[in-house]
Amino acid sequence: MYSRSLVAAALAYALLHHIGLLPDGLGPGPEDTRLLDWLDLAVPWLVLGSAAAVLWADRSRPLVWLLFGAGAIAYTSGHGIHLAANSIGHEVANDTVHLWDEPVGHHIWFVGVALVLAALALTMVDKPRPPVLGYVLALAVGLTWATNAVGGGTEVFSLLVALAATAYGWRQRDSLGVVLLVGFLPATATLVALWAAS
């Protein structure tokens, strides 16, 4: 149950955090919205629900649940701000919409992602290293973190989180925690390369 939940959480994050790449927002929706705006409402439910299933399967301590809860609040707040500003921005683009979408919405959202990641990392202690699929999913999660940082304007914050996750993965390299090293070392390299190029 734990492994399946962790796979589901990794897939949900890696796929749904790229939902904005769907062509033309999947077309128009009701009330001058896009269909993608409506689909985006499900993202927190799917990402956080699958992450909560990992903690449930792990029988995590209350402190881990508290960390997850703080992350879930930040995640849903930031995602909601981003979604509303993005949807409005497709009709009326201005500096206020950009402020709430990019700097404010994305930073709050990604603080939530980082806290949820920290809670998940605590469940990985003393668990065996994963099969090959685990490393592939780890790479997908790390690269999603990096690409979202560039798209959301959170490069500095995201680089700090990637460095911390890489260091934690190094310390946990003999256990399942090695997936953080595998995922976030390339994310760190990507963010540093993009920062140097800018």
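This is a predicted model: local features need pLDDT of at least 70, side-chain atom pairs count only at pLDDT 80 or more; totals for chains, interfaces and linings use all residues.
Colleague: How many salt bridges does the model have, and which side chains meet in a salt bridge?

Modeller: The criterion asks for a side-chain nitrogen of Lys or Arg within 4 Å of a carboxyl oxygen of Asp or Glu, and by this rule the count comes to one salt bridge. The nitrogen-to-oxygen distance is 2.5 Å, and the side chains that meet are those of Lys127 and Asp58.

Colleague: Are α3 and α4 roughly parallel or roughly antiparallel to each other?

Modeller: The axes of α3 and α4 come within 11 Å and cross at roughly 175°. Angles over 145 degrees count as roughly antiparallel, and therefore these two helices are roughly antiparallel.

Colleague: Which residues of α4 make the contact with α3, and how do the residues of that contact divide?

Modeller: From α3 the contact takes in Val43, Pro44, Val47, Leu48, Ala51, Ala52, Leu55 and Trp56. The residues of the contact of α3 with α4 divide into 13 nonpolar, two polar and no charged. On the side of α4, the residues are Val64, Trp65, Phe68, Ala72, Tyr75, Thr76 and His79.

Colleague: Is His79 buried or exposed, and which residues is His79 in contact with beyond its neighbours within four places in sequence?

Modeller: His79 has its place in helix α4, and at 3% relative accessibility this residue counts as buried. The C-alpha atoms of His79 and Trp109 are separated by 5.4 Å, although the two residues are 30 residues apart along the chain. Leaving aside neighbours within four places in sequence, the contacts of His79 are Asp40, Val43, Pro44 and Trp109.

Colleague: At what angle do α4 and α5 pack, and is their crossing left-handed or right-handed?

Modeller: Helix α4 (residues 62–89) and α5 have their axes 7 Å apart and pack at an angle of about 155°, which means that α4 is roughly antiparallel to α5. The residues of this contact divide into 21 nonpolar, ten polar and one charged. The angle is about 155°, and the crossing is left-handed.

Colleague: Which residues of α7 meet α6?

Modeller: The axes of α6 and helix α7 (residues 155–171) come within 8 Å and cross at roughly 160°, and that makes α6 roughly antiparallel to α7. In this pair the crossing is right-handed. The residues of the contact divide into six nonpolar, one polar and one charged. From α6, Trp145, Ala149 and Val150 take part, and the residues they meet in α7 are Glu155, Phe157, Ser158, Val161 and Ala162.

Colleague: Which residues is Gln172 in contact with, beyond its neighbours within four places in sequence?

Modeller: Gln172 is placed in the loop between α7 and α8 (178–197). With a relative accessible area of 18%, Gln172 falls under the 20% cut-off and is therefore buried. Apart from neighbours within four places in sequence, its contacts are Val125, Gly177 and Val178.

Colleague: Where is Leu181 found, and which residues is Leu181 in contact with when its neighbours within four places in sequence are left aside?

Modeller: Leu181 is found in helix α8 and is buried, with a relative accessible area of 16%. Leaving aside neighbours within four places in sequence, Leu181 is in contact with Ala165, Thr166, Gly169, Trp170 and Pro186.

Colleague: What is the phi of Arg59, and what is the phi of Asp126?

Modeller: Arg59 is found in the loop between α3 and α4 and is exposed, with a relative accessible area of 75%. Asp126 has its place in the loop between α5 and α6, and at 73% relative accessibility Asp126 counts as exposed. Although Arg59 is not a glycine, its phi is positive, at about 55°, and Asp126, which is not a glycine either, has a positive phi of about 65°.

Technical notes
Residues are numbered from 1 along each chain as its sequence is written. Side-chain values use heavy atoms; hydrogens and water are left out. Axes are lines fitted to C-alpha atoms, for helices over the stretch in contact, and angles run from 0 to 180 degrees between N-to-C directions. Angles under 35 degrees count as roughly parallel, over 145 as roughly antiparallel, 65 to 115 as roughly perpendicular and the rest as oblique. A crossing is left-handed if the near helix is turned anticlockwise from the far one by less than a right angle, and right-handed if clockwise. Contact means heavy atoms within 4.5 Å. Ala, Val, Leu, Ile, Met, Phe, Trp, Tyr, Cys and Pro count as nonpolar, Asp, Glu, Lys and Arg as charged, and the others, Gly among them, as polar. Buried means under 20% relative accessible area, exposed over 50%, partly exposed in between (1.4 Å probe, protein chains only).
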